[in-house]
Every structure is written in C-alpha cells, then in structure tokens.
Protein chains: 2
Amino acid sequence: MNYTSLSKEELLKLREELNKEYSEAKAKGLNLDMSRGKPSATQLDVSLDILDAINSKSLLKSENGTDCRNYGVLDGIPEAKKLMADMIGTTPDHVIVYGNASLSIMYDQVSRAYTHGILGNTPWCKLDKIKFLCPAPGYDRHFAITERFGIEMITIPMSDKGPDMDLVEHYVNNDPTVKGIWCVPKYSNPQGYSYSDETVKRFANLKPAAPDFRIFWDNAYVIHHLYDDNQDEILEILSECEKAGNPDMVFEFASTSKVSFPGSGVAVFASSHANIEDVKKQLTIQTIGHDKLNQLRHVRYFKNLDGLKAHMRKHADMMRPKFEATLAVLEEELGDTGIGSWTKPHGGYFISFESLEGCAKDIVAKCKEAGVKLTNAGATFPYGSDPKDSNIRIAPSFPTPEEMAQAAKLFVLCVKLVSVEKLLESK
Amino acid sequence: MNYTSLSKEELLKLREELNKEYSEAKAKGLNLDMSRGKPSATQLDVSLDILDAINSKSLLKSENGTDCRNYGVLDGIPEAKKLMADMIGTTPDHVIVYGNASLSIMYDQVSRAYTHGILGNTPWCKLDKIKFLCPAPGYDRHFAITERFGIEMITIPMSDKGPDMDLVEHYVNNDPTVKGIWCVPKYSNPQGYSYSDETVKRFANLKPAAPDFRIFWDNAYVIHHLYDDNQDEILEILSECEKAGNPDMVFEFASTSKVSFPGSGVAVFASSHANIEDVKKQLTIQTIGHDKLNQLRHVRYFKNLDGLKAHMRKHADMMRPKFEATLAVLEEELGDTGIGSWTKPHGGYFISFESLEGCAKDIVAKCKEAGVKLTNAGATFPYGSDPKDSNIRIAPSFPTPEEMAQAAKLFVLCVKLVSVEKLLESK
C-alpha cells in the first residue's frame, strides 16, 4: 500500500488505526536505546580475554626491550605500531599510536591547527574565517568539534559512492579558507556507504587552494564488516595521495574502540612523514606518552591482522542478526509504502533512514514518547540541523535482536503515523 | 677544606689531582642516568599485582552499575573519583578522573583557556599579552607548555617556604595580563620544598587583577613521602580558596604515575564546581571518556587511601636508600668545601644542587663526558636558562643505591673540578 496515493478519507481511517496501535505500543512501556553506536554487554564479552593478555607474571617489555611499565615512547611500542598500521593498511613509519580514543586525536589535530598551525602555516586562530566541508548525513561528534572552534561548516551531499566530489573539488580547489573535510570513508556514519575508488582517487588528486588543507579521514569502521562475503574495501588514501603528489594532505584516524573495549582501546593517527614529525614535536609538550601496557595487552591478544579479523568475525556474528532483524521489519512494514527509504550496509554500526521531508523530528519524538530512544533528528547534519528534516540514524548494536525487532516495529509505526499526518496536511 | 679560601697554588695543585681522578673515573666507562624522575624497574615491580586486579572473570561494573567496558562516563567512575579525591584531600564532587597523565590535563587547561577562555572570559589567543609566574627552580615541562603558547614567563624565586609571595602578590594583584602560576606545592620539583601554611593561605587570599587568573597546582608528589616520620603536609588549597572567597582560582592536578605505573596510571583534575562544570562541558566535545577499566583496576587494587599509603611505603623503602646514598656522598665530599649546597627533601623525586655561580652547565657536561647523565643545566628555569647557571637537578630514582653512590661520587668530582677552574679564573 503506497501511502502517498491514498485519499484523505483513507488517510484519516489509517490514522485512527495507527493511533490505536500507538496507544497500545506505548502501554507496553518499552525502554530501548538505539541512539548511539554502542556495543551490547554480550558483544563486549567476546573481548574479555584481552584482560588476561598481560598479568603480573608477563614479560612486560616490548619487542625492542622497552619496559612498558615505565615512562617513555611517544609514538607507540613497535609491535602496536605494526598492528595498527596493518589494520588501516599502511606501514608503521606512518603511524602514531595514541591512548584510548580517536576522537581525542581529531580534537587535538583541530585544536593544534587552531593554536599553532599545520606544518608552519598560520595558526587558524589568527585567520578571520575557516571553513570545513561536512559530507552529510555524517557523524555528529565531528561536527561538534568544528562548531566548537567556530569553523564554518558547509554541507556536502552524500551518495553511495561518497561525498559529491564535484562540489568538494569546487570548494577545496578554489577557496583558501576551506581547511578541512570530515570523512568516514568506509561504512560511513550513518549511511554505511563506502567511498568508491574514483572518489578516493579524486580526493587524492585535489589541488587545494589552502596549503594547510587536510582531509580528516576517520577510518572508524575499517575492519567492521557484517559479512564474510559482501565486504566493502576502499583504496588506501595515504598511498593514493603520495602517488598524486599530495603526500601531506591526509590526517587518518582509527581505533580499536569497537574491536576491543570502547574507552579502553588503542587509537591510531596516520599521516605522511612530515605530518608525523610535526605532530610528534608538538606531542612532546603535551604528554609523556600513552598507555604502553594497554598497547602491549592488545598486541599480545590480537597478535596480528589475522587475529583482528578473526575477532571481528565474532562481533559480526552478534551484529548481523540485529541489522537483519531491523531491515526485515523495515522491508515488511514500509517496503511498498513510499514513506521511507533506508540503507542496507555491509558493515559499520548504523542504518540510515530517510523519511518524507519534515517528518524526522516528529518520528524521533514519537519513538521517545513510547520508550525507544533514537539519535536526535538533525544530529547527522552540521549545526544539528537537517535542512529536509528527513534523516534518522538507527543504531542497532545495543539492544538484542529481539529487542531490536520490537524497537523497529515501534519505529515503523511512528514513521507511518507521522507520515500520515504529514500527507494529511497537504490534502 | 674550604675551596674558596685556597690560594692559587693550592688550587692548581688540587686541579692536577682532580684531573687525574677524573681521567680514572672516565676510564671506568660508567653509564648512569640521573636525568629524569623515573622509577627503576625494581621499583615498578612493587606495583605488578595491579595488573591482576581485574581479569576476564572479574565483575567489570562500577559501584553504580556502569559497565566499565563500554562507552560513557566523562568524569570517572564513582569509586575512582573517591580514591583520587581522598588522595589529594578533597571530595569527589570536586574532581574529574582522567586518563594516564596529569601533564596532558595541564596542557589541555592551558590550551582550552587559549582557544575558548576560562568561565566565559576572553580566549587568551585573542589577547595581546599573557604572562605566567614561574617559581624557579621548577619543572621544565610546565615551562615548556607555557612557552609553547607564547606565554611570557616571569621567574619567581623559591625558598623552603614556597615561592616569594611578596612578588607573587605584586604581580597577580596588579597585572591583569598575569593569568597563571605554576606550582608544585609539596616536595617541589626539584627542591623538594613544601609550601608553608602561610604560603598556601597567601595564595588563597590573592586578589587577582585578572578574573581568569588560575593557580596551576600540580600536586604531583602528594603522597610521595620518603619517611614514615618527617612527612611534610600542606594545607588543602581548594578549601582554603573557598574560605577566602576565591573558590574558582585553582586548577589542581595529580596522578598515580609514580604510584602505580608511569604512563599507565590514572590522573585527576580538581577544582571548584563552576570550573568542573566548565571543563566537563568542553570535554564532551573532546573525548568519549577515559579508560574506565584502568580506573577500576586501580580502585580494586588500592581500595582506599590507606591502600595507597601502604603502597607508597613500599616505594619509599626503595627510594630512601638512593636519596641517602646520594646525600651521604654530597655531605662527605662537599660538606666543608663551600662550593655547593643542596636540599634534603622528605619526599618527592629530586635533590636540588646549587653550585658556585656559572658552574652548572660545565658540571653537567663533565658528568656526561664521564657517563653520568643529568638533567640539562638550566632546564629548571623558564626558557631553559638559569640566570646564575648554578642549579642542577639530581634524580636518584632510576639507578640502584650502589650505582647512585657511584654516580654521586663522579658528580662531586665534577663539581670540585669545575669549581676549582672557576675559582682560578678570579685569581
């Protein structure tokens, strides 16, 4: 039944039925959270043995003899650099292993560009205007960082091949106040899209008007596949940029937050040798080094890239049913209604839903009222404002598959109800 | 034998003997490091059981039910807040528990003041001139942070009661460009002095010309006593400031870097409720939270303040012989020479040595030439420049007591040699 072709009378009748259903649903007193890309407790159990990877009896030296218990080492112990470099497809000389969160590295990179400039360029705080391109829908915490620094954010539309590269090239190659772009190139947040080879190559071949323009390449879901087959792979950006004569143009970020433990993982920054040296020089002022025992714990447990991949299959086995439960409800309930579309990612943590224009906020509010928490509508756009009010991010990771099916059912009910109201407005 | 009253001939003869001794010492090929306040490997062994405090079988929830493995919690799990608050003598509502290093918190506090301002005041990057007071000799990494941000550093002389408070009051109460002061109030780095009650009270009663003036109170050695008796205690600064009507004037820092593991400890920021709220608001942009599993590991092991204190006695038992070995050599070899004086701290990590004016750099160089590494002369002053070239920081923690005695013997030999040269210059 396509809702958009219903008559006013049919819509009114439908609304009555849906309102009744909604009242019943509300009475169930659900309390489910689909708001953030947060693993469930059961999913975290698969990583528990990491905590046994080192103990008081372990040799606590890194492979080059460093006592991991003591001060020293700014860029990570060698075996952690190797593991993290392998994870993102680069080499250890291109990485600095950090503490527990890639978000802090991103903040730091923006903050230091603001206070001290990048590779000798003018600090951004001394410039009148700084702009960032923000492919959207995107990750709210990226936008929060640039907003915090008063950086003007320009929305760039996304497709299943990545950001609109005509627009990206237009801005980056002509406007010297455009200093950066936020990218989640693989299993993008929230759509789960992966950048096509052409997109990555066009990124690598940008001719920035600003010498300190950087691509903020948040490779958050680099090994976060849902399937053994149907895995997305993207071109490695650092080597592509090097080939294109733009070696310094990328700041890449990743972490094991959704591999080992959120908050207790290991994060990595990757870039050209020149950028790495620049950052290391600044880091000496900022820290005495990151947690090397936690680096050792991770390396001893995962051993190598194969170990990481094997571990991610355990995560996938727990995530896949949640995605599939959600997608099944969406398909069954909304497949032929014409009031919504959604992505079917092969990895990552999210499903992105597009409602009719002007409905997203109301849908999220309706869900909340009935006990299902979603990411705030608008959060996936710069300044928290979705111009079409249509994008909703669904994070299926935290509830169980059964709860997820329940939550999805309530969600589709709210989509229907709000859409019917919207359609009635124009009758 | 007082060197300063020797004749030219006596000095020349002495120089000959000392040069011979120095050649012999050099031939031994020593390789000892007294440059940084770094625990020895044996000392770190006393903390090994911390690594067993949690494992895959442990309940990994905090006392309020938070799953410490997952995302969430910005200011620390409750039991970690309690432990760290107890350690510095305040209450949990005044603290934020951070990651592994207090230095990063200090950098962050300066950096955010620079980019966004403190409690609504003008960001420092928008001001023409910012000054910090730097009691010296002091900690080189403090000075490195302010230097990095282009902040003008004003040296404040130290006494065994703390910084020269007449000068501090003069600058802070009259100059609105003075925005901060670096303090290590207990077992100061490098002198091991602890601020007297009068000093702390005068700090609390400052009447800053700048509304965003802050005391950067680095309580790095708060429980780092060397003796069971003879322990220094200082007044608690947050409550003193509150009493004096200056609740927001202090940023306090501490960590377990020299309690558990350097680089893998837990750090804490303490301040007024208003400052804590301001920082938390900013932290939401900057991080998803710190390592809660490591917080849990620390709390499960130490349990409470008594546990911390008992643990610190084990450290003291290893540190004390090193301090005593060093002090014995200094006393025996230089006690009556008039060419040097030194501090005899009851805690902390350092002994501070004062040579004749203009000798420190040469002494450090001579030591290095013979295989004993000291902190660079000058490092204990702003801009790495000691106006009298007389202060040398000795860090006895890393070598064994026997090595420390060896190193101290070489050190006093170099002091004698360089002093004799200096005395000969004026003959």
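**Entry 1. Loops and backbone of the predicted model**

I located Pro190(B) in the loop that runs between β6 (178-183) and α7 (197-204) of chain B; helices (H or I, at least four residues) and strands (E, at least two) are DSSP runs, numbered from the N terminus. The peptide bond between Asn189(B) and Pro190(B) is cis, with omega about 10 degrees. I noted another cis bond between Ala136(B) and Pro137(B), where omega is about 5 degrees. Pro137(B) belongs to the loop between β3 (131-136) and α5 (140-148) of chain B.

In chain A I looked up Asn230(A), whose phi is near 50 degrees, a positive value in a residue other than glycine. Asn230(A) sits in the loop between β7 (214-218) and α8 (237-243) of chain A.

**Entry 2. Conventions**

I work with a predicted model, in which local features need pLDDT of at least 70 and side-chain atom pairs count only at pLDDT 80 or more, while totals for chains, interfaces and linings use all residues. Residues are numbered from 1 along each chain as its sequence is written, chains are lettered from A and ligands numbered from 1 in the order in which they are written, and side-chain values use heavy atoms, with hydrogens and water left out.

**Entry 3. Domains of chain A**

I took chain A as domain 1 (3-44 + 309-425) and domain 2 (61-303), with bounds from an automatic or database domain assignment. Their C-alpha centres lie 30 Å apart. The contact (heavy atoms within 4.5 Å) takes 30 residues from domain 1 of chain A and 35 residues from domain 2 of chain A.

The two domains bury about 2,900 Å² between them, and carbon and sulfur atoms give 62% of that area; buried area is the accessible area (1.4 Å probe) that two parts lose on being put together, summed over both. Met312(A), His346(A) and Tyr383(A) supply 23% of what domain 1 of chain A buries against domain 2 of chain A, more than any other three residues.

I found one salt bridge across this interface, a salt bridge being a side-chain nitrogen of Lys or Arg within 4 Å of a carboxyl oxygen of Asp or Glu. Asp140(A) pairs with Arg36(A) in a salt bridge, the closest N and O atoms being 3.1 Å apart.

On the side of domain 1 of chain A that touches domain 2 of chain A, α11 (305-334), β11 (351-355) and β13 (391-394) each supply at least two residues. Of these, α11(A) gives the most, with 10 residues.

**Entry 4. Chain A against chain B**

The contact takes 56 residues from chain A and 56 residues from chain B. About 4,900 Å² is buried between the chains, 53% of it on carbon and sulfur atoms.

I recorded two salt bridges across the chain interface. One of them joins the side chains of Asp45(A) and Arg69(B) at 2.7 Å, N to O. Helices of chain A that each supply at least two residues to the side touching chain B include α2 (41-45) and α4 (102-116); α4(A) gives the most, with eight residues.
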